[in-house]
Amino acid sequence: MTRLTLVVALLVLSACEAEENEVVLRPAMATEGSAYTLSDLAPDRFSFGSEADEERIAMWDIDVRPDGEGLPTGSGTVAEGEAIYAVHCMACHGPTGAEGPYDVLVGTEPWEEWPGARTVGAYWPYATTLYDFIHRAMPQLTPGILTPDETYGVIAYILYLNGIVPEDGVMNEETLPAVAMPARDRFVPDDREGGPEVR
Amino acid sequence: MDRPYLSRRAWITTASGVIAAGLLKTQADAIKLVAQVPANAPDPTKTPGRPTSEVGQRAPGEQPRRLARNQELSSSSRTPLQDLHGIITPSDLHFERHHAGIPNILSENHELLIHGMLDRPMVFKMADLMRYPSVSRIHFLECSGNGGGVYSRDRMPTEVTAQDIDGLLSTSEWTGVPLSWVLREVGVRPGASWILAEGGDAAMMSRSVPLEKAMDDALLAYGQNGEAIRPEQGYPVRLLLPGWEGNINVKWLRRIEITDRPTMTKDETSKYTDPLPGGVARQFSFIMDAKSVITFPSYPYVLPESGWWEVKGLAWSGRGRITRVEISTDGGRDWVDAELQPPVLSKATVRFRHLWNWNGRESVVLSRATDETGYVQPTVHQLWEARGERTSYHQNHQRAWKVASTGEVTFGLGDLV
């Protein structure tokens, strides 16, 4: 199998789709290429709903992308993160992140054929995903309780436990997207396409 | 599920009563004897029945149940496939998969924000969405983890039900507004190629979806089988992406952001990706390939005697229509076409049937589905060869049931590996 990195494939994919979408999305052309047929009676725009202002969008727009877009200003150290981890994370993820009982976070041994547990060190391709996920969904019983500084800190600590950042490491909106994750180039696009071949 | 297992002796005792009464021996006879109305129930022709009611209920002897193994916040429950008829899953038996429990959301408070690479960011109340023209479509939903329990060569079970194995599959008639009809009027900008869909639950479950799919057949679904979508299924509105793995059909949908790249959320990186041989993992494996499962005969049914039995089950493909289902009753040596029960719909389950004259000898019964792309449901050996034996998700290989000469049915794939 050709070991394409996903980013190359996605850039190609994005370029193709952009060309198509310029055609597809013109309102008057409505839903060409769609599985559904909109009535000929339909206007170009129904204009239902209300426009969302910047403030409203900012309140809900919480996702964080691999290039760091969406990361808030803030900073946290490994040491700060260790204290936060002990209070908010340890009960589910174990004293060193490797024990569970829930998702195992820490595992640093490189894999050749198959990953073991899907740990941050062995399997997660992007460090930014830690911010995105922890901020939206952790701790499970009190999601959203951590401040940006605390979130950066606990990420620094988890990355430190995985041997990815040093003990004096600091995570912030600049350093987090720059973290080189060991599994970064492990992921390949789906090559299944129907037809007789089993993939 | 707690249906008592019926021993062969008990079966014959009760079944002989059915034969004596001249009743047709059917699948229903086989199991309903277990939980039948007591023989001393009053003669219904001599006693008036109960009056009308505002909400109906199932017959006392018909109590199918989801299989809910634990009470974790991030958990699942499974549809009792072996108890159901036709293709529609009763809404209260639709499988569940939640990542932080089922949120309490009032429809009148719920809002959907659509923003990002577009000219007019919008907020929609449910009344706004429901004012759009709507469509209804019958589609299956299947968790990509479905069937994971019957993939390992070393841990192939025998005493498992179709529900245990493949109960993370359900089919509903979904009603909603095509996402493309909403997006066409917000001014999506050139260069946009993905959306991020985010739920309003405590996990704010989120997935990236190619814009191409959003503009094809994505639905903002608020109706399920004629009523408002169930809370467990995303009330008041969910994203429905026909034919795609369950996880990406984001429930309790509250935000869509138009982007030019995937967000790389936790569920599309560390979770719903599929390790392959060679140290790589398949990502964005959205489509559920063609698959079929026999729901009768299956464990824990017992066939009390040889003779005519209808082999039946469900087949589906995330790539379109099922064109053929074949049945083997001899462990995969010979195959015959099953009947496909109309309607045969795209990206929906189809019920198949095959009339089988069982000779009373040990038999291994299999099904295999073919879809309109020409894809044939593979054997487990084919999947192992293509993906290795330790991959995760999308395990759509042929299932097998062994009917012993005693009539007892167990999962039979282990005998073929």
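Two residues are said to be in contact if their C-beta atoms, placed from the backbone, lie within 7 Å. The structure described here is a predicted model.

**The contact between chains A and B**

The contact draws 64 residues from chain A and 70 residues from chain B. On chain A, several elements each supply at least two residues to the side that touches chain B: helix H1 (6–24), strand E1 (50–51), helix H2 (54–60), helix H5 (128–137) and strand E4 (187–189). H1(A) gives the most, with eight residues. The table sorts this side of chain A by residue class.

| Class of residue, side of chain A that touches chain B | Number of residues |
|---|---|
| Nonpolar | 33 residues |
| Polar | twelve residues |

**Thr259 of chain B**

Thr259(B) belongs to strand E13 (residues 253–259) of chain B. Is Thr259(B) buried or exposed? Thr259(B) counts as buried because 22 C-beta neighbours lie inside 10 Å, and a residue is buried if 20 or more other C-beta atoms lie within 10 Å of its own.

Which residues does Thr259(B) touch, if those up to four places away in sequence are not counted? They are Gly116(B), Met117(B), Ala192(B), Trp194(B), Ile195(B) and Leu196(B). As for Lys312(B), this residue is 53 residues from Thr259(B) along the chain, and the C-alpha atoms of the two are separated by 45 Å.

Methods:
Residues are numbered from 1 along each chain as its sequence is written. Chains are lettered from A and ligands numbered from 1 in the order in which they are written. This is a predicted model: local features need pLDDT of at least 70, side-chain atom pairs count only at pLDDT 80 or more; totals for chains, interfaces and linings use all residues. Helices (H or I, at least four residues) and strands (E, at least two) are DSSP runs, numbered from the N terminus. Ala, Val, Leu, Ile, Met, Phe, Trp, Tyr, Cys and Pro count as nonpolar, Asp, Glu, Lys and Arg as charged, and the others, Gly among them, as polar. A residue is buried if 20 or more other C-beta atoms lie within 10 Å of its own, exposed if 12 or fewer, and partly exposed in between; C-beta atoms are placed from the backbone.
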